[in-house]
Amino acid sequence: MIAFLRRNQVLLTSFFCLLFSLYILSAAARGRLRGDPIGPILLVLMRPLQIGAQETVAKLKEIRQGYVTLRGIASENERLKGRIMELEAERNQLLEVEATNRRLRDLLEFRSQLPAGSVTAAVIGNSASTWFHSFILDKGSADGVVKGMAVVSPVGVVGQVVAVTSKSAKVLLITDPHSGVDVIVQRSRARGIVSGSLDSGTILKYAKRSEDVQEGDRLITSGLDTIFPKGLLAGTVTKVRKKSFGLFQYVEVALAVDPSRIEEVLVVSAEATQAKE
Amino acid sequence: MKLSLLFLLVGFLVVLLQTTFLHLLPLGPIVPDLILVLCVYWGLNHPTVGAVLGSFLLGYSVDVFSSPVLGLNAFAMSLVFLAAYLSSRCIWIHNPLLSAAVVFFASWIKGAALILVGSLFLAAEGLWIGVLKYIFLEALVAAMLAPWVFSLLRRGQSYLEEVRMPL
């Protein structure tokens, strides 16, 4: 018996891992997974490394920017070259500072319109998979972030917090096929759910055939899901198709926010949103 | 012990790369799956109980950072390891091209596992269309990376084995 176990230990462990992962998946899908002992440790361990990596990326981008700038002024004479380099570097720095300033001011202004209790956070990690769209924030339960909070930017809806550790939080983006945001068409007040889709970008689901939805219509959050504050821009309708059958029409949406380019976000609590409304 | 430490470090590094730098590559939505390549390497060249658990943990870490539910990628990576391990028992794979081919097929196995288990446990519309849309490119990118990653890992492994067994 022991010899058999020893001989087949790799196979047996593999089968055990497969069954165990199915058990975890089944429990997690039903919402019965009580504790995740490994996830928070992983997130805590990776947090400083991810912050470091993000900073390195930012530095590399700066260096690349400097290189591009240098190449542009290669034909200038030596005296002017030095001067231009100085000015360019200064200008780049100022532009970056100005852009950051503008972004943060917008965020601050936007924050004042939101219910109290919203938290400003920076994106420190991105999705590790092609199939799922999420990112990691540098704020966690210690900063007041809890699971289920809405994540927004001054431009529009970004996603929802799905997991939290003391110093970081995982955000399921609006572009993920598993996400859903209750919205209304601003012009006709028709309702639907904006959700990601792997095959055709972001779509508006469950918009009835009889509802008035047209290309160019703006979609705003309805507030009925009690997660996102009412009136935030989710996106714009880019394509409407009504087949000769079916209950719903097919609507494609261009999101207001490009989650892959976002750097800072606001995390808004559902309770505060409800209280304000 | 040293080898286990090396693989632990490599696993950690691969997860870090996959969550930070790799999405910056100009490959559209495709994120090069180094984790898959590492699991295949373990299945082919280092089939131990520790490697099985390592593959499970790597998949689990992808779930922690990306997946909406835990267990999906843990299942897929355990399956990839098992497939690589079983294939290493049938054929002798020590050629870069052949290892790239194994990684290519392992990527399809991962995609199939995601579709199958995802459709059983998750209510995501169009998941299988999405997987089919990207799986070829993802498999191709992983297969192209495989010979380089395999060569690096083999060098590290043989160096440590030489240190462990002096003449």
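**Figure 1. Helix 1 and helix 2 of chain B pack against each other in this predicted model.** The axes of helix 1 and helix 2 (residues 34-45) of chain B lie 9 Å apart, and the two helices pack at an angle of about 155 degrees. Because angles over 145 degrees count as roughly antiparallel, helix 1 of chain B is described as roughly antiparallel to helix 2 of chain B. From helix 1 of chain B, the residues that take part are Val10(B), Gly11(B), Val14(B), Val15(B), Leu17(B) and Gln18(B), and they meet Leu34(B), Ile35(B) and Leu38(B) of helix 2 of chain B. By class, the residues of this contact comprise seven nonpolar, two polar and no charged.

**Figure 2. Chain B is built from helices.** Six helices and zero strands make up the secondary structure of chain B, which gives the pattern α-α-α-α-α-α along the sequence. Chain B has 167 residues, of which 49% count as buried. When contacts in chain B between residues at least 6 apart in sequence are considered, 67% of them join residues at least 24 apart.

**Figure 3. Val40(B) is a member of the largest nonpolar core.** This core holds 113 residues, and those that touch the most other members are Cys39(B), Val40(B) and Val80(B). Helix 4 of chain B provides the largest share of the core, with 12 residues. Which residues does Val40(B) contact, leaving aside its neighbours within four places in sequence? They are Val80(B), Ala84(B), Val102(B), Val103(B) and Ala106(B). As a general background, nonpolar side chains in soluble globular proteins tend to be buried together.

**Figure 4. Chain A and chain B meet in a contact between the two chains.** Chain B contributes 51 residues to the contact, and chain A contributes 43 residues. On the side of chain B that touches chain A, at least two residues each are supplied by helix 1 (2-20), helix 3 (49-65), helix 4 (72-90), helix 5 (96-121) and helix 6 (127-164) of chain B. Which classes of residue form this side of chain B? There are 35 nonpolar, 13 polar and three charged residues.

**Figure 5. Six strands of chain A close into a barrel.** The order of the strands around the barrel is 1-2-5-4-3-12, and their pairing is antiparallel. From one strand to the next, the twist averages 45 degrees.

**Figure 6. Strand 12 of chain A pairs with strand 1 and with strand 3 of chain A.** Strand 12 (residues 264-268) of chain A is mostly covered, with four of its five residues buried. Strand 1 (residues 119-126) of chain A runs antiparallel to strand 12 of chain A, and four bridges join the two. Ala122(A) has Glu264(A) of strand 12 of chain A as its bridge partner. Strand 3 (residues 150-152) of chain A is also antiparallel to strand 12 of chain A and is joined to it by three bridges. In this pairing, Val151(A) stands opposite Val267(A).

**Figure 7. Strand 4 of chain A takes part in a hairpin with strand 3 and in a hairpin with strand 5 of chain A.** Is strand 4 of chain A mostly covered or mostly uncovered? Strand 4 of chain A is mostly covered, since seven of its eight residues are buried. The hairpin between strand 3 and strand 4 of chain A passes through four residues. Three bridges join these antiparallel strands, strand 3 and strand 4 of chain A, and Val152(A) stands opposite Val157(A). Four residues also lie between strand 4 and strand 5 of chain A in their hairpin. Strand 4 (residues 157-164) and strand 5 (residues 169-173) of chain A run antiparallel and are joined by five bridges. Among the residues paired there, Ala163(A) has Lys170(A) of strand 5 of chain A as its bridge partner.

**Figure 8. Arg189(A) and Thr226(A) have positive phi values.** In general, most residues other than glycine have a negative phi. Arg189(A) has a phi near 65 degrees and is placed in the loop between strand 6 (181-185) and strand 7 (191-195) of chain A. With 11 other C-beta atoms within 10 Å, Arg189(A) is exposed. The phi of Thr226(A) is near 55 degrees, and Thr226(A) is found in the loop between strand 9 (218-221) and strand 10 (233-241) of chain A. With 13 other C-beta atoms within 10 Å, Thr226(A) is partly exposed.

How values were computed
Residues numbered from 1 in each chain as written. Chains lettered and ligands numbered in written order. Predicted model: local features only at pLDDT ≥ 70, side-chain atom pairs only at ≥ 80, totals over all residues. Contact = placed C-beta atoms within 7 Å. Nonpolar A, V, L, I, M, F, W, Y, C, P; charged D, E, K, R; others polar. Buried ≥ 20, exposed ≤ 12 C-beta atoms within 10 Å, placed from the backbone. Pairing = 2+ DSSP bridges. Axes fitted to C-alpha atoms, helices over the stretch in contact; angles between N-to-C directions. Parallel < 35°, antiparallel > 145°, perpendicular 65-115°, else oblique. Core = buried A, V, L, I, M, F, W, Y, C linked by C-beta atoms within 7 Å.
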